[in-house]
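Student: I am new to this structure and would like a close look at one part of it. Could you pick a residue, and then show me what lies around it?

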Amino acid sequence: MVSLFTAEGLTGLVFLFIVAVTVVGGIIATSSVRLPRAVSGLAMCLIGVAGLYYFLNSPFLAAMEMLIYVGAVCVTIVFAIMLADPGAEKKVGRQGAISTVVSVSVGGLLFWGLAILGTTTMWPAAAVKVNEGSIPEIGKSLLTTYSMVFELVSVVLLLAIIGALVLARKGREV
């Protein structure tokens with residue numbers, strides 16, 4: 001039993017808090033009827049995911065998660081909501097009993113599969129340090145080793161902008 005007053009115990013508590021933030025944010029994002037609440041839940045979930053990346057010794061990936069997904073994608077969606085007609089009821093699709101049962105079943109099946117995978121896999125040790133972490137090293141890595149990831153981030157941002165335009169397509173009625 002690990003005491004809560006040791007570094008390991010406090011690290012475990014912080015990890016559980018970040019996992020709770022991620023799960024609660026995901027639940028808010030998927031179950032909210034109003035778009036602003038759903039976006040807030042999405043941002044909360046993505047902040048939790050950034051915290052998980054930080055726990056995996058990937059501070060650069062955590063920073064990119066915060067900048068790209070929380071900063072760019074969520075802000076783009078918020079702008080789309082602001083540009084949309086304020087009088088219209090902005091409800092995310094209503095769920096019927098069948099879709100709720102299907103989504104809970106698929107979620108439970110995914111959780112069960114990931115739990116089995118997580119408990120039976122021999123996980124390698126976490127990477128300690130990839131590079132120096134300086135700006136020139138990160139820039140060189142983005143344009144050489146991780147160029148495909150860099151391009152995929154561009155595609156994600158483009159899709160966020162297109163999604164925001166679709167949400168704001170009706171615009172405000174004057």
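Tutor: Let's begin with Thr 76, which is found in helix H3. Helices here are DSSP runs of H or I with at least four residues, strands are runs of E with at least two, and both are numbered from the N terminus. Please keep in mind that this is a predicted model, where local features need pLDDT of at least 70, side-chain atom pairs count only at pLDDT 80 or more, and totals for chains, interfaces and linings use all residues. Residues are numbered from 1 along each chain as its sequence is written, and side-chain values use heavy atoms, leaving out hydrogens and water.

Thr 76 has a relative accessible area of 18%, so it is buried; buried means under 20%, exposed over 50%, and partly exposed in between, with a 1.4 Å probe and protein chains only. Leaving out residues up to four places away in sequence, Thr 76 touches Ala 160, Ile 161 and Ala 164, where contact means heavy atoms within 4.5 Å.

Next comes Ile 77. Beyond its neighbours within four places in sequence, Ile 77 is in contact with Val 39, Leu 42 and Leu 167. Ile 77 also belongs to the largest nonpolar core, a set of nine residues: Val 39, Ala 43, Leu 46, Val 70, Val 73, Cys 74, Ile 77, Ile 81 and Ala 160. Such a core is a set of buried Ala, Val, Leu, Ile, Met, Phe, Trp, Tyr and Cys residues joined through side-chain atoms within 4.5 Å. Helix H2 (35-55) and helix H3 (59-83) each supply at least two residues of this core, and H3 gives the most, with five. In soluble globular proteins, nonpolar side chains tend to be buried together.

H2 has another partner. The buried residues of H1 pack against H2; they are Gly 9, Ile 18, Val 21, Thr 22 and Gly 25. H1 covers residues 7-31, and at 1.5 Å a residue its 25 residues should span 36 Å, which agrees with the 36 Å between its end C-alpha atoms. The expected span is 1.5 Å times one less than the number of residues.

Finally, step back to the chain. Buried residues, Thr 76 being one of them, make up 20% of its 174 residues. Among contacts with a separation of 6 or more, 60% join residues 24 or more positions apart.
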